[in-house]
Amino acid sequence: MRAHALDMYELANHNEASVRQASALRAARARVAADVERLCGQASDGAATASLLRLLSDESKRFNVELRSLAPETIEAPAPSSRRTDTLRSFAVTLNVRGRFRNIVAMLADVPRHEVLVGVRDVTLQTAQRPQSGVVSLDATVRATVYRVGKRTTEESHASQSL
Amino acid sequence: MTGFNYLGEPALVDRLHAIRVPAALRAPLLALVSVAFIVLAWWGIELRNLSAAVNEERVASTRLEASRIDLARTKVLRIDLQAMLALDRQLRAIRLSGSQLGVRLADIANRIPQRAWLTSIAPVQGGMDINGRAEGMAALGDTIAALVSSTTVTNPTLIRASSDDRADIQLPTIAFELRVDD
């Protein structure tokens, strides 16, 4: 019986040693939650689309690139693999832009860094005007995915914070 | 005839005193009494030890149960943190997606020599398909050699190269298609 009690004490000590890390885990989760909140973008597809249109309009002016067309795709784009894949919702869009190579590349690099969570999947570049004409313009077909973080994450986050 | 004892029952001590134990039995009897006493004392001690052990086990069990509940909460916390970290990594990767693609395009474009130019770059399974024109085979060779030293793509492979003899082109050029791996 004493041996059993001793085993239980040792197990309890081991458990308590793990539990002592809880405060550090809570602090780390708070930091990560704040980071996710900062990065997660819009809360609904409609809001994301509206913000995307504003963003592309601003970016095309800023980088001197002509936004020729924008087509949201009906097929749901797969989100990056994760245990919480269902919390990261997404829809795909295809953009056609025309401009100089340097401007298009700068715009592609800048677009994902704004309020809307946009992932650039790939881009196809083609010359729009020949080099002999002076300025080389390119037509770029950009396939992008607009993400938003589902509500479940926030709810789960609040529920686990009460632990 | 009924008899009456007017002196009453003798006291217990007197009765014990009255018992006469034969001399031959005294030693074994004393030993038996001693053994009984020792066994009783030992039993008492064991009972006390058992009670202490039961108490100790109950305390340990209570503590273990409490620690298990706390541990379960900590595990939930850890799982939640891991999921949040995975989501955070995904979000960061999305935020950097444009930069990574931009760096790759810029790297490819910057490595193309003066006597060659690109007409299209398109992603394909596991790499990119590059189409362009070059002023002769030597310029095409320079293009491939330049892509070999790239840090963002690997294994440049020539898919096709042919003379571009369209009327609207003033200089004789080679139309080429290259494939590079990620």
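In the predicted model, 45 residues of chain B are in contact with 53 residues of chain A. Two elements of chain B, α2 (23–111) and β1 (116–124), each give two or more residues to the side that touches chain A. Of these, α2(B) supplies the largest share, amounting to 39 residues. Sorted by class, the side of chain B that faces chain A in this contact comprises 24 nonpolar, ten polar and eleven charged residues.

Chain B itself contains three helices and four strands. Read from the N terminus, its elements follow the order α-α-β-β-α-β-β. The chain has 182 residues, of which 21% are buried. When contacts within chain B between residues at least 6 apart in sequence are considered, 53% of them join residues at least 24 apart.

For the helix, the partner considered here is α4(A), which spans residues 101–110. The axes of α4(A) and α2(B) come within 7 Å and cross at roughly 160 degrees. Because angles over 145 degrees count as roughly antiparallel, α4(A) and α2(B) are roughly antiparallel to each other. The crossing of this helix pair is left-handed. On the side of chain A, the residues of α4(A) that take part are Phe101(A), Val105(A), Leu108(A), Ala109(A) and Asp110(A). They meet Gly98(B), Ser99(B), Leu101(B), Gly102(B), Leu105(B), Ala106(B) and Ala109(B) in α2(B). By class, this helix contact has eight nonpolar, three polar and one charged residues.

When neighbours within four places in sequence are left aside, Thr154(B) is in contact with Val180(B) and Asp181(B).

Asn155(B) is likewise found in strand β3 of chain B. The phi angle of Asn155(B) is near 50 degrees, a positive value in a residue other than glycine. Asn155(B) is exposed, with 12 other C-beta atoms within 10 Å.

A positive phi value also occurs in chain A, at Asn64(A), where the angle is near 55 degrees in a residue other than glycine. Asn64(A) lies in the loop between α3 (45–62) and β1 (66–72) of chain A. This asparagine is partly exposed, with 13 other C-beta atoms within 10 Å.

Technical notes. Residues are numbered from 1 along each chain as its sequence is written. Chains are lettered from A and ligands numbered from 1 in the order in which they are written. This is a predicted model: local features need pLDDT of at least 70, side-chain atom pairs count only at pLDDT 80 or more; totals for chains, interfaces and linings use all residues. A residue is buried if 20 or more other C-beta atoms lie within 10 Å of its own, exposed if 12 or fewer, and partly exposed in between; C-beta atoms are placed from the backbone. Two residues are in contact if their C-beta atoms, placed from the backbone, lie within 7 Å. Ala, Val, Leu, Ile, Met, Phe, Trp, Tyr, Cys and Pro count as nonpolar, Asp, Glu, Lys and Arg as charged, and the others, Gly among them, as polar. Axes are lines fitted to C-alpha atoms, for helices over the stretch in contact, and angles run from 0 to 180 degrees between N-to-C directions. Angles under 35 degrees count as roughly parallel, over 145 as roughly antiparallel, 65 to 115 as roughly perpendicular and the rest as oblique. A crossing is left-handed if the near helix is turned anticlockwise from the far one by less than a right angle, and right-handed if clockwise.
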